[in-house]
Amino acid sequence: MDQVPILKIGQTLFVSIQIDLQDESVMLLQEDLAAELAATAATGVIIDITAVEIVDSFIGRMLATIGSISRLFDAETVIVGMRPAVAITLTELGLSLNGVRTALNAEKGLALLNGRD
Amino acid sequence: MDELPIQSGDDVVRVRQHVRNAAASNGLSLVDQTKLVTAASELARNTLIHGGGGVARVEVVKSANGRTGVKLHFADDGPGIADVDLALTDGWTSGTGLGLGLSGSRRLVDEFELKSEPGAGTSVVVVKWSR
């Protein structure tokens, strides 16, 4: 099983998913992020899914859960880089990523986080 | 026809990759590939978690009017599903999930057939055709 690295840049935790996600990796990421948020007091999380070829209901639910957990640490989560085919499929699957914000790319995601009051 | 085991999370990833390759090399568009792979991911996870493991079969098929499609068959010898209609309802879940796995994957494919009986396992066959 592969682990997804978490980088801290300023007040933001940056996660770029570059592996073919299996359920255990997503759950591990969730735990790692919670630990990192508690340790660093970061105020934002950016999850880059540019390289992610599919988001199924489990992965989608986990992304939404990460958003909820982050909020408990006073941090906001932005999912960036969703592929058009993934967006179409997620919608048809019936999944709405409630509670997480999305942005076109990492730059816009960062701007969204920095604009928060 | 290729047969792949589903006994672990790694196997689910391998099934996804195999389905992706089959869909890409048989003329499915990128969106259709993504839909089929997502459906395969949902169904393979069901086979693993609810069926206690099983197999996935991946087959390239031809329709009467000459279209190419990718057919997937997921089979397990698990406890089966008592009420198939209920299991296909949006939001119905046997566990902690969202209840979108079966109903959602049905929307992502062109053909969907689920056979199950309590104690006799579950079999799901889906087909996605090239346009």
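Reply: A:Pro5 is found in the segment that precedes strand 1 (6–9) of chain A; helices (H or I, at least four residues) and strands (E, at least two) are DSSP runs, numbered from the N terminus. The model is predicted, with local features requiring pLDDT of at least 70 and side-chain atom pairs pLDDT 80 or more, while totals for chains, interfaces and linings use all residues. Residues are numbered from 1 along each chain as its sequence is written, chains are lettered from A and ligands numbered from 1 in the order in which they are written, and side-chain values use heavy atoms, with hydrogens and water left out.

A:Pro5 has 53% relative accessibility and therefore counts as exposed; the classes are buried (under 20% relative accessible area), exposed (over 50%) and partly exposed in between, with a 1.4 Å probe and protein chains only. Apart from neighbours within four places in sequence, A:Pro5 is in contact with A:Phe14, A:Val15 and A:Ser16, where contact means heavy atoms within 4.5 Å. The C-alpha atoms of A:Pro5 and A:Ser16 are 7.5 Å apart, although the two residues are 11 residues apart in sequence.

Chain A has four helices and five strands, in the order β-β-α-β-α-β-α-β-α along the sequence. Its radius of gyration is 13 Å, which agrees with the value near 13 Å for a compact globule of 117 residues; this radius is taken over C-alpha atoms, and the globule rule is 2.2 Å times the number of residues to the power 0.38. Of the 117 residues of chain A, 47% count as buried. Among the contacts of chain A between residues at least 6 apart in sequence, 72% join residues at least 24 apart.

Chain B likewise has to be described. It contains four helices and five strands, arranged as β-α-α-β-β-α-α-β-β. The C-alpha trace of chain B spans about 40 × 25 × 25 Å along its principal axes, and 51% of its 131 residues count as buried.

Where the chains meet, 21 residues of chain A are in contact with 24 residues of chain B. Together they bury about 1900 Å², of which 53% is on carbon and sulfur atoms; buried area is the accessible area (1.4 Å probe) that two parts lose on being put together, summed over both. A:Ile54, A:Glu92 and A:Leu93 supply 29% of the area that chain A buries against chain B, more than any other three residues.

Five salt bridges are counted between chain A and chain B, each a side-chain nitrogen of Lys or Arg within 4 Å of a carboxyl oxygen of Asp or Glu. B:Arg16 and A:Asp20 form a salt bridge through their side chains (3.2 Å, N to O). Helix 1 (23–40), helix 2 (57–72) and helix 3 (84–93) of chain A are the elements that give two or more residues to the side of chain A that touches chain B. Helix 3 of chain A gives the most to that side, with six residues.

From the other chain, helix 4 (residues 101–108) of chain B has six of its eight residues buried, so it is largely enclosed by the rest of the structure. B:Gly101 and B:Leu108 are among these buried residues. Those residues pack against helix 2 and helix 3 of chain A, as well as helix 2 (30–49), helix 3 (84–87), strand 4 (111–116) and strand 5 (122–129) of chain B.
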